[in-house]
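I opened my notebook beside the model today. Here is what I looked up, in the order I went.

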Amino acid sequence: MSQDDLLKYSTHDFGLLCYGGVSNVWLVYAGSPHKVLEDRVAREKTPADKERFPGFKSGSYKAFAGPMEMTWRSRDGSELSHTIDLNKEVPDRTIQYDHPERVQRSKPFETGEPTVIVEFNDRTVNVYIAVTLHVSPLDPAKRTVDYDVSYTCVYSRTL
């Protein structure tokens, strides 16, 4: 396996995060509907939420299983809709990581596969690819494997 292929993936987990007063979030991906915050309003995003993983992940999907179609209500009550095709946004299906030479070749991903996180924050939708990587320690005397989280924004749009 070449260094370029080491961080490629063909499947992923999927999760949603909602902030900034959004409500009535509905998203369809790979034929699976996801509906959250029907009777509630999302809290504000805090600095602690910067690289948050969803508390619930929805299955394993083929990367990328068609466009994501979504609707939601923003803080001011506007009904918004948007479509994202990750095949266009992440055509190479590769994790961006600054030190690929440190990634363990035998098992690069600690969790098995990356997680696509769709975040709604008022009128903005962001998509992140997050994964925990097995990496060689910076201290060569250390005999254990370290873990490093790659959390990359691959798409952002404010409507």
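What is the mean pLDDT of the protein chain, and what share of its residues reach 70 or more? The mean is 90, and 97% of the residues reach 70 or more; pLDDT is the predictor's confidence in each residue, from 0 to 100. I noted that this is a predicted model, where local features need pLDDT of at least 70 and side-chain atom pairs count only at pLDDT 80 or more, while totals for chains, interfaces and linings use all residues. Residues are numbered from 1 along each chain as its sequence is written, and side-chain values use heavy atoms, with hydrogens and water left out.

**Confidence.** I found the lowest mean, 66, in helix H1 (residues 3–6), and the highest, 98, in strand S6 (residues 79–84). Helices (H or I, at least four residues) and strands (E, at least two) are DSSP runs, numbered from the N terminus. A reminder to myself: where pLDDT is low, the predicted coordinates should not be read in detail.

**Sheet.** I traced an open sheet of 5 strands in the order S4-S1-S7-S8-S9, with mixed pairing; two strands pair if DSSP finds at least two bridges between them. Strands S4 (60–62) and S9 (146–158) stand at the edges with a single partner strand each, so one side of each has no neighbour in the sheet.

**Around S8.** Strand S7 (residues 115–121) runs antiparallel to S8 (residues 124–135), joined by 7 bridges. The two form a hairpin with 2 residues between them, and Asp122 in the turn has a positive phi of about 55°. Asn121 has Thr124 as its bridge partner, and Phe120 stands opposite Val125. On to S9: 12 bridges join S8 to S9, again antiparallel, with Thr132 opposite Val149.

Is S8 enclosed or open? I counted 12 of its 12 residues as buried, so S8 is largely enclosed by the rest of the structure. Buried means under 20% relative accessible area, exposed over 50%, and partly exposed in between (1.4 Å probe, protein chains only). Both faces are covered, with Tyr128 among the buried residues on one side and Ile129 among those on the other.

**A loop residue.** I looked up Glu51, in the loop between S3 and S4. Glu51 is partly exposed, at 43% relative accessibility. Glu51 and Ile84 lie 33 residues apart in sequence and 21 Å apart in space, C-alpha to C-alpha.
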